[in-house]
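Try each task yourself before reading its solution.

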Amino acid sequence: MRELTILGTASQVPTRHRNHNGYQLRWDDEVILFDPGEGTQRQMLMAGLAVTPLTRICITHFHGDHSLGLPGVIQRISLDKVPHPVRVHFPAGGRDYFDRLRHATSFYDVADLLPEPVSDGFRAETTAGTLTALPLRHSIETYGYRLAEPDGRRMVPALLEAYGITGPAVGELQRTGRSGTVTIDDVSAPRPGQRFAFVMDTGLCDNVFALADGADLLVIESTFLAEDAAMAAQVGHLTAGQAASVARQSGVRTLVLTHFSQRYADSTRFLDEARAEFDGDIVLAEDLMRVPVPPRLGSSHERAASARG
């Protein structure tokens with residue numbers, strides 16, 4: 001299963017209908033919790049999610065709406081005796097904040113946490129693919145994350161039949177790349193890896209586009225509307241139109257808008273503004289919503305066609 005569960009969608013303060021940030025990505029066996037803001041543990045309960053499957057926690061930066069839920073999640077990992085290590089990624093310059101949150105209160109600590117701070121050029125190999133982090137433009141040290149599955153190949157039944165490859169010979173091809181005189185390239189087609197990007201508090205910068213490039217699913221902040229673009233630039237945030245423009249220019253398949261300022265009573269205005277810039281799939285994030293990663297495209301040609309709309 002490849003699915004995003006949205007736990008919170010507010011920005012600076014929670015509202016009656018929006019909790020502070022929180023996003024869980026399940027990517028087969030890799031389960032990553034991004035930016036657990038205040039109340040994340042309860043939101044996980046409401047969404048029917050346990051901490052036991054978690055393999056990683058990724059923090060973009062140490063503003064409270066992106067990290068104040070970390071103590072509760074860590075203590076729950078300990079309470080539930082999660083049997084495997086949980087890696088925690090966060091900006092290297094924020095190590096003191098992490099240490100304080102890690103030990104915010106007294107508890108019986110048996111959590112197997114592996115802190116792995118990120119800096120520019122961070123790269124980690126996971127069961128789901130390569131996790132990278134790039135610095136963004138905000139008022140404090142902030143990173144965005146990108147998960148990229150390796151490209152592969154998919155067997156084409158018609159080609160297997162044409163070359164007379166059946167039974168154990170198919171497995172041999174997949175393991176060794178050859179069966180007799182037939183190579184895997186003869187009977188397969190390229191299978192582009194899927195990509196996920198997570199971009200929170202930032203002004204426009206080159207790394208926003210680098211993270212979003214070719215993403216099947218882009219989760220991106222859209223704190224402001226265009227009428228407040230000057231304020232957004234001043235405080236290091238994006239408007240809905242800017243986020244959608246990034247998606248269009250980067251060939252994104254599904255765009256998830258989130259991190260909405262409480263100043264706007266009508267959230268559909270974010271969707272209207274984004275639609276003027278991006279004609280692909282747009283999800284206006286709501287708390288406890290589940291968003292599937294789009295089905296895999298079959299070839300590089302299909303990806304290019306999808307990106308062109």
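**Exercise 1. How many disulfides does a search of the whole structure find?**

Before starting, note that this is a predicted model, where local features need pLDDT of at least 70, side-chain atom pairs count only at pLDDT 80 or more, and totals for chains, interfaces and linings use all residues. Residues are numbered from 1 along each chain as its sequence is written, and side-chain values use heavy atoms, with hydrogens and water left out.

Step 1. A disulfide is a pair of cysteine sulfur atoms within 2.5 Å. With that cut-off, the search finds zero.

Step 2. Take Cys58: the nearest cysteine sulfur belongs to Cys205 and is 18 Å away. Seen from Cys205, the closest cysteine sulfur is that of Cys58, too far for a bond.

Step 3. Cys58 is also buried, with a relative accessible area of 0%. Buried means under 20% relative accessible area, exposed over 50% and partly exposed in between (1.4 Å probe, protein chains only).

**Exercise 2. Work out the strand order of the seven-stranded open sheet, and find its edges.**

Step 1. Helices (H or I, at least four residues) and strands (E, at least two) are DSSP runs, numbered from the N terminus. Two strands pair if DSSP finds at least two bridges between them.

Step 2. The order is E6-E5-E4-E3-E2-E1-E18, with mixed pairing. E6 (113-115) and E18 (290-292) are the edge strands, each pairing on one side only. From one strand to the next, the twist averages 20°.

Step 3. Now follow E5 (residues 86-89). Three bridges join E5 to E6, and the two run parallel; E4 and E5 also pair in the parallel sense, over three bridges. Val88 stands opposite Pro115 in E6, while Ile57 stands opposite Val88 in E5. Arg87 faces Leu114 of E6.

Step 4. H3 (residues 70-79) lies across E3, E4 (56-58), E5 and E6, running at about 175° to E4. H1 (residues 40-47) lies across E1 (2-8), E2 (22-27), E3 (30-34) and E18, at about 130° to E1. These angles run from 0 to 180 degrees between N-to-C directions, with axes fitted to C-alpha atoms, for helices over the stretch in contact. Contact means heavy atoms within 4.5 Å.

**Exercise 3. Which residues of H10 are buried, and what do they pack against?**

Step 1. In H10 (residues 268-275), the buried residues are Phe270, Glu273 and Ala274. They cover an arc of only 100° around the axis, which puts them on the same side of H10. The arc is that of the directions from the helix axis to the C-beta atoms. An α-helix has 3.6 residues a turn, so residues three or four places apart point the same way.

Step 2. Their packing partners are H9 (240-250), E16 (254-258) and E17 (281-284).

Step 3. Turn to H9: eight of its eleven residues are buried, so H9 is largely enclosed by the rest of the structure. Its cover includes H7 (206-212), E15 (217-221), E16 and H10.

**Exercise 4. Describe the aromatic pair of Phe34 and Phe196.**

Step 1. Rings of Phe, Tyr and Trp (its six-membered ring) pair if their centres lie within 6.5 Å; planes under 30 degrees apart count as stacked, over 60 as edge-to-face and the rest as tilted. The structure holds nine such pairs.

Step 2. Phe34 and Phe196 are tilted, at 5.6 Å centre to centre and 45° between the planes. Phe34 lies in E3 and Phe196 in E14 (residues 195-199), so the pair ties together parts 162 residues apart in sequence.
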